Amino acid sequence: MNNLISILVVSHGDLANSLIHTAEMIAGKQEQVQTVTLAPNDGVDSLSAKVDAAMAKLPADQPTLIFADLWGGSPFNAAAQIVGKNPTHTALIAGVNLPILLEAYMARNSTLTELVNKITEISTDSIRRFTMPTQDDDLGDDLL
């Protein structure tokens, strides 16, 4: 039996599936990963049922990290209900992006608390503004 932290990505539209597909292009196929997508015709009940069904596909005896696309949105709220039922074995992070998903893939054999702390720590570096180097900066030559 492996001790990987399970990952569930919930999103509006097809973002969750696209993130997982893209992450697998970089990091390879991952075990214990599920997605839930909010379709335009989904209501609160159908979305909650989708989240419950995805959680049922993951090992019940393993912790689960849930990523949501947007704080306070319907996918986030449905995931928060799961965390509310089992806060010691589940955690929720909003604002999923490719860098933090990849980081989660690489650190899934840690504890849930360690993984959440790591993701939170690196999250500020996952979004960066590019600025053109000055003439004094040696990196400028790499862009030409």
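Is Trp 71 buried or exposed? I looked this up in a predicted model. Trp 71 has a relative accessibility of 66%, so I noted it as exposed.

**Entry on the rings**

I then searched for aromatic pairs and counted one. The partners are Trp 71 and Phe 76. Their ring centres are 4.5 Å apart, and I read 35 degrees between the planes, which makes the pair tilted. I wrote down both values because a pair of aromatic rings is described by the distance of the centres and the angle of the planes. For Phe 76 I found 10% relative accessibility, so this residue counts as buried, whereas Trp 71 counts as exposed.

**Entry on two helices**

Next I looked at helix H2, residues 44-56, and helix H3, residues 74-85. I found their axes 9 Å apart, at an angle of about 50 degrees. H2 and H3 are therefore oblique to each other. I also noted that their crossing is right-handed. On the H2 side, the contact is made by Leu 47, Ser 48, Val 51, Asp 52 and Met 55. On the H3 side, I listed Ser 74, Pro 75, Ala 78, Gln 81, Ile 82 and Lys 85. Sorted by type, the residues of this contact are six nonpolar, three polar and two charged.

**Entry on Thr 64**

Where is Thr 64 found? I located Thr 64 in strand E3, which covers residues 64-68. Setting aside neighbours within four places in sequence, I found Thr 64 in contact with Ile 5, Ser 6, Leu 8, Met 55, Leu 58, His 89, Thr 90, Ala 91 and Leu 112.

Technical notes: Residues numbered from 1 in each chain as written. Predicted model: local features only at pLDDT ≥ 70, side-chain atom pairs only at ≥ 80, totals over all residues. Heavy atoms only, no water. Axes fitted to C-alpha atoms, helices over the stretch in contact; angles between N-to-C directions. Helix = DSSP H or I, 4+ residues; strand = E, 2+ residues; numbered from the N terminus. Parallel < 35°, antiparallel > 145°, perpendicular 65-115°, else oblique. Left-handed = near helix turned anticlockwise from the far one by under 90°. Contact = heavy atoms within 4.5 Å. Nonpolar A, V, L, I, M, F, W, Y, C, P; charged D, E, K, R; others polar. Phe/Tyr/Trp six-rings, centres within 6.5 Å; stacked < 30°, edge-to-face > 60°. Buried < 20%, exposed > 50% of the residue type's maximum accessible area, 1.4 Å probe, protein only.
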